[in-house]
Amino acid sequence: MKLVTYLSGDVERLGALEDDHIVDLSEIAPDMTSLIRTGKNSLEKARRVLAASQRPERPLTSGQLLSPLPRPLRVLGVGRNYPAHANEAGVGRQEKPRIFVKLSTSVIGSGAVIQRPSHVSKMDYEIELAVVIGRQARDLAREEALDAVYGYTIANDVSARELQLDVSPPQTSFGKSSDGFCPLGPAVVPREEMDWQGLRMRTWVNGELRQDDTTESMIFDVPTIISHVSGIVSLDAGDVILTGTPAGVGAFQDPPRYLDPGDTIAMEIEGIGRLVNTIG
């Protein structure tokens, strides 16, 4: 089941993707966060609605999908969590996860335009498996961390490299938090329906394959990340954690290959779908 937030007219509604159609789930919950908070009972109701639908009545149209979680309270990220990416950046393996913050105002959905700020010329892409938290969580042991996961989606951790790499001290969170710098989507897949391990992740820029790896390559795995983060800050239903990107970002190619207006970035993670955005 692929849970989405979509526009029906000017109204945000909860739904599920079925091929190229949307099944409305607003009778179950008004929005994704409410659905998450109500837990497994609401998921079972959603499955029954999907099973009863003969033919979805809402064909998916361009610009209709929003971020599955349009306004998450917290968006946290893990830097340099794939060995090949750490190597291309010229840094070694870290002893603990390196955490940064993305403002929730940076979140947009698949199909949206990412506007390049006027002060940014080194705009870059990063495909990431995004973990959606399903309940309040604090000080979780690694062994219980996955119980706090609701599901998974795709994130593009868009970055202004001049703010992250060219100044001292680095302004990582600031350089990753401009409006539109956190596309999420197209859908959230519940944890019970997919395993985070061994998922193939790929990024194309204007049709050219740039990133290709699997989540098996993570230095710190999903349970370790959740345990570490929850030991520092409280987590709540609907929070999002980005788990790192593999090698192939634009900044570390020779010469660097940054994003320009008109470029299209397509990201795909096995079992979730495809997140597509253009640069404005």
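Which strands do the buried residues of helix 6 pack against? Let's start there, and keep in mind throughout that this is a predicted model. The answer is strand 5 (75-79), strand 6 (98-102), strand 10 (127-133), strand 11 (149-156) and strand 16 (240-242).

So how much of helix 6 is buried? Helix 6 covers residues 222-230, and because 7 of its 9 residues are buried, it's largely enclosed by the rest of the structure. If you want to find them on the screen, look for Val222, Pro223, Ile225, Ile226, Ser227, Val229 and Ser230.

Okay, let's stay with one of those, Ile226. There's a nonpolar core of 45 residues here, the largest one, and Leu129 and Ile226 are the two that touch the most other members.

Now let's move to the start of the chain. Strand 1, residues 2-8, runs antiparallel to strand 2, residues 11-18, and the pairing has 7 bridges. Ser8, for example, has Val11 in strand 2 as its bridge partner. Those two strands make a hairpin with 2 residues between them, and in the turn Gly9 has a positive phi of about 70°.

Strand 2 then pairs again, also antiparallel, with strand 3, residues 21-24, over 4 bridges. Here you can pick out Gly15, whose bridge partner in strand 3 is Asp24. This hairpin has 2 residues between its strands too, and the one with a positive phi is Asp19, near 55°.

Last topic, the aromatic rings. How many aromatic pairs turn up in a search of the whole structure? The count is 0. What you do get is charges over rings. The charged end of Lys176 sits over the ring of Phe100, 4.9 Å from the ring centre. Likewise, Arg274 has its charged end over the ring of Trp204, and there the distance to the centre is 4.5 Å.

Notes
Residues numbered from 1 in each chain as written. Predicted model: local features only at pLDDT ≥ 70, side-chain atom pairs only at ≥ 80, totals over all residues. Heavy atoms only, no water. Buried < 20%, exposed > 50% of the residue type's maximum accessible area, 1.4 Å probe, protein only. Contact = heavy atoms within 4.5 Å. Core = buried A, V, L, I, M, F, W, Y, C linked by side-chain atoms within 4.5 Å. Pairing = 2+ DSSP bridges. Phe/Tyr/Trp six-rings, centres within 6.5 Å; stacked < 30°, edge-to-face > 60°. Lys NZ or Arg CZ within 6 Å of the ring centre and 35° of its normal.
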